[in-house]
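Good morning, and thank you for coming.

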Amino acid sequence: MARFCPLFSGSSGNSYYIGSAKEGILIDVGRSAKQITDMLNSCEIEIAAVKAIFITHEHSDHVAGLRVLASRHHIPVYASEGTLNALEAMGCVNEKVQAGTIDDHGLSVAGMKITPFPISHDSAECVGYQIETSDGRKIALSTDLGYLSDQVRNCLAGSDMVVLESNHDVGMLQNGPYPYVLKRRILSKTGHLSNDACASELESLVRGGSTRFVLAHLSLENNTPDLAFQTSLCALKLSGMKQGHDFELYVAPRANTENRTIVF
Ligand SMILES: [Zn+2]
Ligand SMILES: [Zn+2]
């Protein structure tokens, strides 16, 4: 059994722990090193358990605490080649950080196999990650994507647990205060996934064997946890599926102050 602990999620910072109590990995470090270590401790995970950090892309809500956390605790960092180049140019990775690239052959860390897959976003080389644990459980994580390509669908299919972006309600975004250019960026194919777009993927994922879904990277201004949850729940109910029977649906909190961990 592995555990998934969403430490932080959303435009104010993203970081997820996957592994056992003794060893695991972080996906993204979008808050300060202190906030990340404090949240890990609250979830009863020592920072020494983190054997590697995998980065999805270089936007600050995914890397804000990366340099300090990785250099202070000597944790190796892996990212796609394009993302790593961007991180070096930004100074998020320097000579004090042990950094390497990861490609579609994947890497084995902490008894897990981690494999990236490309996703469509306005950054250098954004990826999602598939993780297979030592007991054969699979989790796929995909946030910060404008749309789901067939390649992404294939990478999510068959995962026991899927962490998928449910960024915004399109109506709230269109009627909200964001400038036109930003609205267009979010709605574009290299922007962010809406509640409806997320919800429309879930039925086929359940039919492919996925049972746990975590809605992630919610917008603070253009969404609410309840709206994201209800949109996906309604879509699954309309397909004749029942929460607690066919699937479990969660929303990753902006900060995991309740220290919630999902076992999969
Ligand atoms: Zn981004
Ligand atoms: Zn982001």
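Along the chain, the donors of the zinc ion (ligand 1) are spaced H-x1-H-x61-H-x22-D. Here H121 sits in the loop between β8 (112–118) and β9 (127–132), and D144 in the loop between β10 (138–142) and α5 (150–156), so the pair ties together parts that are 23 residues apart in sequence. Helices (H or I, at least four residues) and strands (E, at least two) are DSSP runs, numbered from the N terminus.

This is a predicted model, in which local features need pLDDT of at least 70 and side-chain atom pairs count only at pLDDT 80 or more, while totals for chains, interfaces and linings use all residues. Residues are numbered from 1 along each chain as written, chains are lettered from A and ligands numbered from 1 in written order, and side-chain values use heavy atoms, without hydrogens and water.

Which residues hold the zinc ion (ligand 1)? They are H57 (NE2), H59 (ND1), H121 (NE2) and D144 (OD), at 2.2 to 2.6 Å. Donors are N, O and S atoms within 2.8 Å of the metal (3.2 Å for Na, K and Ca); water is not among the atoms, so sites may look incomplete.

D144 also bridges to the zinc ion (ligand 2), and the two ions lie 3.5 Å apart. The zinc ion (ligand 2) is coordinated by D61 (OD), H62 (NE2), D144 (OD) and H217 (NE2), at 2.1 to 2.2 Å.

Finally, both H121 and D144 are buried, meaning under 20% relative accessible area (1.4 Å probe, protein chains only; exposed is over 50%, partly exposed in between). H62 counts as buried because its relative accessibility is 0%, and D61 counts as buried at 13%.
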